[in-house]
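Look at the model below.

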Amino acid sequence: MRVLVIGAGALGGYYGACLVRAGADVTFLVRSGRAEQLRRDGLRIVSPHGDFAVQPKLMMANDLREPFDVVLVGVKSYSLEDAMSEFAPAVGASTMILPILNGLKHIDALTARFGAAQVLGGLANVSAGLDSDGRVVQFMANQTIVFGEIEGSFSERALALQSLLQIPGIDVRASESIIQDMWEKFVQLSTLAGITCLMRASIGDILTVPKGEESIFRLFAECCAVATASGFEPRAPFIEFDRNLFTTANSPLKASMLRDIERGSETEAEHILGDMANRARALGIDTPLLNLARAHVAAYEVGRQRAAS
């Protein structure tokens, strides 16, 4: 399969580099500045599993002429509209578009642009970011991709894609219930982003303060209620996993949204916290902590935009 990875940031850079290292036919669609950096330094990965670097094949949007078999989309949600216009020539009749963005809203945008038959559901569990030298730094050992047909079947193409992704550096699972999986990730991320941004602290630090753990699980309960009312009640193994995740003493875990705030960058707050809050309001569900977290990050964005102007 010929794979086009959109961008070479944290998600696309990490998973794309793993594919290149395994010998897959991978091209990265990048902008001129990132292309210059990658040509000079290579695509460098700093990981608990071992550091490595690859020399990637690169392409600019103006040079894209023919379809690819797989388009792996891992851009930030606020970059999706521009990205879709740039990679549109790579989407043919048999192209699989695998988005590993956070949240759910992007599925509607992709299917509206390219058609439901082209788009898979997907999610990634990897804690990573770009450092000041352009290296992809993996903060924790998790490196999972879960994907599947949105309507819930095990198709031949999904099984072929699973085989492609079964390489060192990617823990892959094809799913017959990908929308349920994505809702559970949406709940987890909304809780993690909401509480760590609101408190400007890691989970471990929040657990040490009065009512810290209670606040985490109040927000978790709000997000679970939205998922349940939407027809995707979180399953028992997910609840148990997140209870352990959110009660780990000294945990350094924080949302990438908080890391964006810490370096003064744009966030995905409206795509995550805003979308969850909007769904809650449409369903008549009261979510006071979620609303406060959304307002907190929105106020940060107002200040950031004012400073930029």
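Helices are DSSP runs of H or I with at least four residues, strands are runs of E with at least two, and both are numbered from the N terminus. This is a predicted model, where local features need pLDDT of at least 70, side-chain atom pairs count only at pLDDT 80 or more, and totals for chains, interfaces and linings use all residues. Residues are numbered from 1 along each chain as its sequence is written, and side-chain values use heavy atoms, with hydrogens and water left out.

Which residues of H12 are buried? They are Leu289, Leu290, Ala293, Arg294, Val297, Tyr300 and Glu301. These residues cover an arc of only 140° around the axis, so they lie on the same side of H12. The arc is taken from the directions from the helix axis to the C-beta atoms. On the other side of H12, Ala299 and Arg306 are exposed. Buried means under 20% relative accessible area, exposed over 50%, and partly exposed in between (1.4 Å probe, protein chains only).

Now take one partner, H8. H8 (residues 212-229) and H12 (residues 288-308) pack at an angle of about 100°, and their axes are 8 Å apart. The two helices are therefore roughly perpendicular, a term for angles of 65 to 115 degrees. Axes are lines fitted to C-alpha atoms, for helices over the stretch in contact, and angles run from 0 to 180 degrees between N-to-C directions. From H8, Ser215, Arg218, Leu219 and Glu222 meet Pro288, Leu289 and Leu290 of H12.

Technical notes: Angles under 35 degrees count as roughly parallel, over 145 as roughly antiparallel, 65 to 115 as roughly perpendicular and the rest as oblique. Contact means heavy atoms within 4.5 Å.
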